[in-house]
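Trainee: Could you walk me through how some of the helices and strands in this model are arranged?
Mentor: Gladly, let's take a look together.

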Amino acid sequence: MASPLEHYVNHVRAQSTAGNFLELADYLTDSTELLSKNGNILDNVLETLDIQQHSLGVLYVLAAKFNDSCNVDETENVLRSVREFITFCNGEQVRCAPHVYYELCHHLTNALVKHKQHTILGVTVLVQAVEKIRLFNSQLTPIHADLCQLCLCAKVFNPALRVLDIDITAIATTHDNNADTKYFLLYYYYGGMVYCAVKNYERALYFFEVAVSTPAMVMSHIMLESYKKYILVSLILHGKVLPIPKYSQVITTRFMKPLSHAYHDLSTAYNTSSSEELRTVVNKYRDPFQRDHNMGLVKQVVSSLYKKNIQRLTKTFLTLSLADVASRVQLSGPAEAEKYILNMIKSGEIFATINQKDGMVVFKDDPEQYNNQEMFDRVQTEISLVMDLNKQILQMDEEILLNPLFIKKSLGNQEDDICPHTKNYSGDPTE
């Protein structure tokens, strides 16, 4: 008589050949306990299955293999096995059990982050994993967050940016609402951190805003950390903390503010335009900022105040010495003032020239006349993006209106609005 594992292998082969992938996925779900009990011989099972032809069967075996805490620590084995599987697996098959596929990628990410090695190779694997499982480019999957996390660990941002730059129009969900919410928030949290790393603060602020304003009954730690970074990036970008969108849940914003008092004190000090007062607050809360791993952004906030004060000088003076600039902005000296001004000229934040001979700065007006071909092409590109976005919104609106669940709910609400005594009204005025 064949052993249970032999029966498992035979059933996987038969159902895969017949193309009954959904039925096979149900069978494999019921076989999870069998696989977990035989963890020591799962490598033998993998040798009898072909990754391309029996992708579902191999997927469940790998998931059981790495659910075992003894195997999770084998980082190189995890990476090699999962990389081979993701490279050669059949996308149609694994989409029948996406939650197991996601879980496998989560195991890989956790192992790589834990050991802090091979993260660059892990990035390559997860890029393939995303391409394999998503149905279209603008679909968000739970492993998008894993990809962003590994890119942050490896300090290699381009693979994540290629995904992050695509606006999301659909979300791939699983049967676990808590997990779906967690990885949705992590995607926007890690995505915001990636944009901070490349100094795209406008996009970073948007990502943190999404994480903070996501509808929720309770506040999560991810939302709290996003809120702290939202304050810092908002100060860097706009010189003030922009209000949280009105559609955000009151219960979350109510709890986030008391837990972020250090960041609100920083914002209050920033609004005074006093560099000295801002530095005092930074020194006071240095430990919390470092514990939150936000010290880099805090330093950017301090730097942005110096820039803001220099920009204010351009509206008042035509010429100033570097020594006067340093004194008015509370910098250490002319050399630091020159450094700030040169960087601001290079980035287009101010328009000025520095006379090295006498140490004078001449502030100028913006030379842009908005009448060249480059500006025309830029406007045309922006208009095209807005038009494409409008078409996308209209399409999504139409899909919602034609959704049977939406129609049923709408009709139900209309019936509830009808007064109870009019539903069965027979026309008799005595009733």
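Trainee: In which hand does α11 cross α13?
Mentor: Keep in mind that this is a predicted model. Here α11 and α13 cross, and the hand of that crossing is left-handed.

Trainee: What angle do α11 and α13 make, and is α11 roughly parallel or roughly perpendicular to α13?
Mentor: Helix α11 covers residues 143–154 and helix α13 covers residues 177–197. Their axes lie 8 Å apart, at an angle of about 30°. Angles under 35 degrees count as roughly parallel, so α11 is, relative to α13, roughly parallel.

Trainee: How do the residues in the contact of α11 with α13 divide by type?
Mentor: From α11 come His144, Ala145, Asp146, Cys148, Gln149 and Leu152. From α13 come Tyr183, Leu186, Tyr187, Tyr190, Gly191, Met193 and Val194. Sorted by type, the residues of this contact are nine nonpolar, three polar and one charged.

Trainee: Turning to the sheet, which strands stand at the edges?
Mentor: This open sheet has three strands, paired antiparallel in the order β3-β5-β4. Two of them have a single partner strand each, so one side of each has no neighbour in the sheet. Those edge strands are β3 (319–321) and β4 (352–355).

Trainee: What is the bridge partner of Ser321 in β5?
Mentor: Strand β5 spans residues 360–363. Three bridges join β3 and β5, and the pairing is antiparallel. For Ser321, the partner in β5 is Met360.

Definitions and conventions:
Residues are numbered from 1 along each chain as its sequence is written. This is a predicted model: local features need pLDDT of at least 70, side-chain atom pairs count only at pLDDT 80 or more; totals for chains, interfaces and linings use all residues. Side-chain values use heavy atoms; hydrogens and water are left out. Two strands pair if DSSP finds at least two bridges between them. Helices (H or I, at least four residues) and strands (E, at least two) are DSSP runs, numbered from the N terminus. Axes are lines fitted to C-alpha atoms, for helices over the stretch in contact, and angles run from 0 to 180 degrees between N-to-C directions. Angles under 35 degrees count as roughly parallel, over 145 as roughly antiparallel, 65 to 115 as roughly perpendicular and the rest as oblique. A crossing is left-handed if the near helix is turned anticlockwise from the far one by less than a right angle, and right-handed if clockwise. Contact means heavy atoms within 4.5 Å. Ala, Val, Leu, Ile, Met, Phe, Trp, Tyr, Cys and Pro count as nonpolar, Asp, Glu, Lys and Arg as charged, and the others, Gly among them, as polar.
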